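Please open the structure in your viewer and keep the selection tool at hand.

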There are 2 protein chains.
Amino acid sequence: MSRFLTPLAQSLPSSVPFVGPETQERRLGRPFAARLGANESLFGPSPKALAALAAAASQVWMYGDPENHDLKSAIAAHHGVTPAHVVVGEGIDGLLGYLARLTVTEGTAVVTSLGAYPTFNFHILGFGGALTRVPYRGNHEDPESLLEAAIRQRARLVYLANPDNPMGSHHPGSVIEDLIAQLPEDTLLVLDEAYVDLAPPETAARVAPDDPRVIRLRTFSKAHGMAGARVGYALAEPGLARAFDKVRNHFAVGRIVQAGALAALADTDHLHSVRARTLRARAQLGDIARAHGLEPLPSATNFVTLDCGRDGDYAHAVLAALTQHGIFVRMPGVAPLDRCIRVSLGDEKAMATFGDALGRALKSI
Amino acid sequence: MSRFLTPLAQSLPSSVPFVGPETQERRLGRPFAARLGANESLFGPSPKALAALAAAASQVWMYGDPENHDLKSAIAAHHGVTPAHVVVGEGIDGLLGYLARLTVTEGTAVVTSLGAYPTFNFHILGFGGALTRVPYRGNHEDPESLLEAAIRQRARLVYLANPDNPMGSHHPGSVIEDLIAQLPEDTLLVLDEAYVDLAPPETAARVAPDDPRVIRLRTFSKAHGMAGARVGYALAEPGLARAFDKVRNHFAVGRIVQAGALAALADTDHLHSVRARTLRARAQLGDIARAHGLEPLPSATNFVTLDCGRDGDYAHAVLAALTQHGIFVRMPGVAPLDRCIRVSLGDEKAMATFGDALGRALKSI
């Protein structure tokens with residue numbers, strides 16, 4: 001280990017939180033037949049976003065606007081807030097990293113759910129935070145337990161994804177609003193709404209733009225189909241939003257990416273089409289799962305989590321067999337969620353490819 | 001200010017280190033006639049890189065490889081090292097941020113030059129580091145003073161850019177090699193080689209790949225003409241290189257960007273052509289400057305720093321007048337460097353546009 005590292009850095013593992021499908025393909029020596037593990041949008045981005053990306057490529061010699069002015073303005077208009085309420089960043093992952101840096105030092109108490117988004121934990125632990133993980137209630141993150149733990153631990157942050165990843169479940173927005181109303185004064189709700197564009201109406205909590213108790217995170221990686229561009233945004237009261245300027249990599253959201261996101265946001269027709277196709281794919285994947293004896297959990301996202309009906313070892317075996325049969329999927333990391341595998345939605349052909357491989361994989365176990 | 005911030009975060013200013021030209025254009029109410037302030041490459045990227053960017057756009061629904069495998073391998077081959085010696089990141093700025101996080105805590109001593117790259121300072125101060133700034137010697141960062149200060153302050157890091165920004169000067173690689181040989185055991189040299197592709201031969205220091213005393217930083221933003229993609233890399237011994245996995249935003253260098261950088265690196269013909277055009281533009285800009293009574297400093301970069309021959313107030317007035325005449329340029333931030341303005345190189349037409357505006361600007365003061 002390098003002798004120049006801080007004690008905290010020395011204590012951290014050198015890890016990549018997710019093994020990429022490319023790494024698995026290199027190990028397997030062949031490409032996957034279907035890429036259904038990272039909740040990417042197989043429906044792709046808006047053709048208008050694609051055109052904007054291609055057009056902006058010729059401007060790549062110029063740095064992107066470090067203030068992200070046009071994109072921030074469009075996001076603000078979209079949400080009925082001011083640009084001062086918006087932070088643009090390198091995906092939700094990047095924004096979570098900056099938020100952790102701004103709010104967490106060694107020993108800072110932070111609450112999340114056991115089995116929820118690991119990259120949040122990566123950033124909190126990376127700044128020395130002390131994580132408390134409360135169990136899911138069934139297939140849902142549990143606002144009551146999260147609140148209790150936040151009060152008990154005097155937590156600086158409490159994380160909740162609505163809809164949830166990896167289970168695909170959701171709470172009505174009113175449940176989140178109740179949680180916010182009960183938060184202790186010194187606790188900030190980190191509300192990850194990466195999948196909310198694909199959830200039933202009323203899933204997004206109604207939050208006053210200047211409410212200091214919550215920061216909301218959105219992304220262009222899911223419904224907008226631009227995971228490879230890496231751009232997301234946060235909505236927060238201006239005091240917190242402005243604080244990101246203290247630490248962010250100002251030019252990191254590049255020129256091409258800003259142009260693509262701007263076009264994606266404007267193309268509501270494409271978003272509606274993705275929603276419709278997502279609903280159809282959920283039904284199709286549900287049928288496939290049931291036909292093979294797996295239980296599809298209700299989903300408010302662009303993936304469906306399939307309960308394999310036994311323990312984590314069995315689900316691991318299903319996942320490993322699927323990998324061998326050319327399907328990239330992932331699964332929750334901890335019990336009891338790890339009885340499931342998580343399958344991204346796609347068009348009819350992709351779902352059929354999955355179904356075919358699932359049949360062969362289950363037989364091979 | 002948000003009540004959730006750490007004491008360190010509370011103490012930091014909410015600032016954008018560089019005001020972007022887009023912000024200035026919004027203030028002016030019109031676009032610049034020439035964009036010569038950010039050391040972007042007006043010669044643009046390789047046409048092969050452009051084609052790769054456009055082709056990759058159709059894959060934007062997929063996250064980029066979080067291990068940057070192909071790009072890392074190509075960079076390693078290019079430099080005759082292994083992929084374990086390479087870190088790919090969100091530009092040199094992003095890599096400096098991660099390096100600061102890995103090595104700096106509150107009070108850690110760090111040495112740089114007074115007037116050198118401000119974003120390095122932004123990151124060091126952002127993690128609570130204690131900066132010592134030593135003066136330039138003439139127009140050069142001064143290895144002797146840097147070394148003395150590093151020894152005196154027991155510095156964890158010492159920063160040196162070769163070639164230098166904002167002065168455009170350079171040291172032969174052997175000078176850097178001598179500095180490395182004399183570094184204290186606990187000091188890491190942060191060697192910023194953003195502009196080295198455009199410098200005379202023998203400017204790049206010869207560093208053994210496993211030398212733990214130095215980390216070198218390179219970028220696709222300058223000679224490769226891809227500032228708007230935001231991708232750079234570091235070369236370091238594997239123990240330090242691997243440490244970046246402890247903290248980095250693993251998916252931040254997106255799929256399109258990785259593809260573009262890979263193609264840019266392979267196109268050595270384009271790089272040679274950019275070098276040749278840079279030499280011609282340096283001569284042309286030098287002639288223009290001298291014709292207007294300004295002194296062009298010798299440059300090993302894609303910009304030329306012009307000594308306006310008086311104090312900082314006068315150079316500020318020149319810069320302000322140039323802005324009014326439609327030219328985006330920048331200038332060093334502190335005396336005595338701030339007697340200069342810094343002008344990026346471009347084709348004959350861009351340089352002529354600058355010359356024309358310079359004449360009018362000087363008359364208007």
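Which residues of helix H8 (residues 173–182) of chain B are buried? Select the helix and colour Gly173(B), Ile176(B), Leu179(B) and Ile180(B), for these are the buried ones. A residue counts as buried if 20 or more other C-beta atoms lie within 10 Å of its own, as exposed if there are 12 or fewer, and as partly exposed in between, with C-beta atoms placed from the backbone. Helices (H or I, at least four residues) and strands (E, at least two) are DSSP runs, numbered from the N terminus.

The model is predicted: local features need pLDDT of at least 70, side-chain atom pairs count only at pLDDT 80 or more, and totals for chains, interfaces and linings use all residues. Residues are numbered from 1 along each chain as its sequence is written, and chains are lettered from A and ligands numbered from 1 in the order in which they are written.

**Around H8(B)**

Look down the axis of H8(B): its buried residues fall within an arc of 115°, so they line one face of the helix. The arc is that of the directions from the helix axis to the C-beta atoms. An α-helix has 3.6 residues a turn, so residues three or four places apart point the same way. On the other side of H8(B), select Ser174(B) and Ala181(B), which are exposed. Residues are in contact if their C-beta atoms, placed from the backbone, lie within 7 Å.

**Helix H13 of chain B**

Select residues 348–364 of chain B, which form helix H13 with its 17 residues. From first C-alpha to last, H13(B) reaches 24 Å, close to the 24 Å expected at 1.5 Å a residue; the expected span is 1.5 Å times one less than the number of residues. Which residues of H13(B) are buried? They are Ala350(B), Met351(B), Phe354(B), Ala357(B), Leu358(B) and Ala361(B). They cover an arc of only 130° around the axis, and therefore lie on the same side of H13(B). The face turned away from that buried side carries the exposed residues Glu348(B), Lys349(B) and Lys363(B). Among the partners of the buried residues of H13(B) are helix H11 (268–291) and helix H12 (312–324) of chain B.

**Where the chains meet**

Now display both chains: 73 residues of chain B are in contact with 73 residues of chain A. Of the elements on the side of chain B that touches chain A, H5(B) gives the most, with six residues. Then centre the view on Leu53(B). Leu53(A) and Leu53(B) touch the most other members of the largest nonpolar core, which has 250 residues. Such a core is a set of buried Ala, Val, Leu, Ile, Met, Phe, Trp, Tyr and Cys residues joined through C-beta atoms within 7 Å. Leaving aside neighbours within four places in sequence, the contacts of Leu53(B) include Ala57(A), Val60(A) and Ile256(A), as well as Ala259(B).

**A last stop in chain A**

Finally, select Ala100(A), which lies in helix H5 (residues 91–103) of chain A. Is Ala100(A) buried or exposed? Ala100(A) is buried, because 25 other C-beta atoms lie within 10 Å. Beyond residues up to four places away in sequence, Ala100(A) touches His123(A), Ile124(A), Gly126(A), Phe127(A) and Gly129(A).

Key
Two residues are in contact if their C-beta atoms, placed from the backbone, lie within 7 Å.
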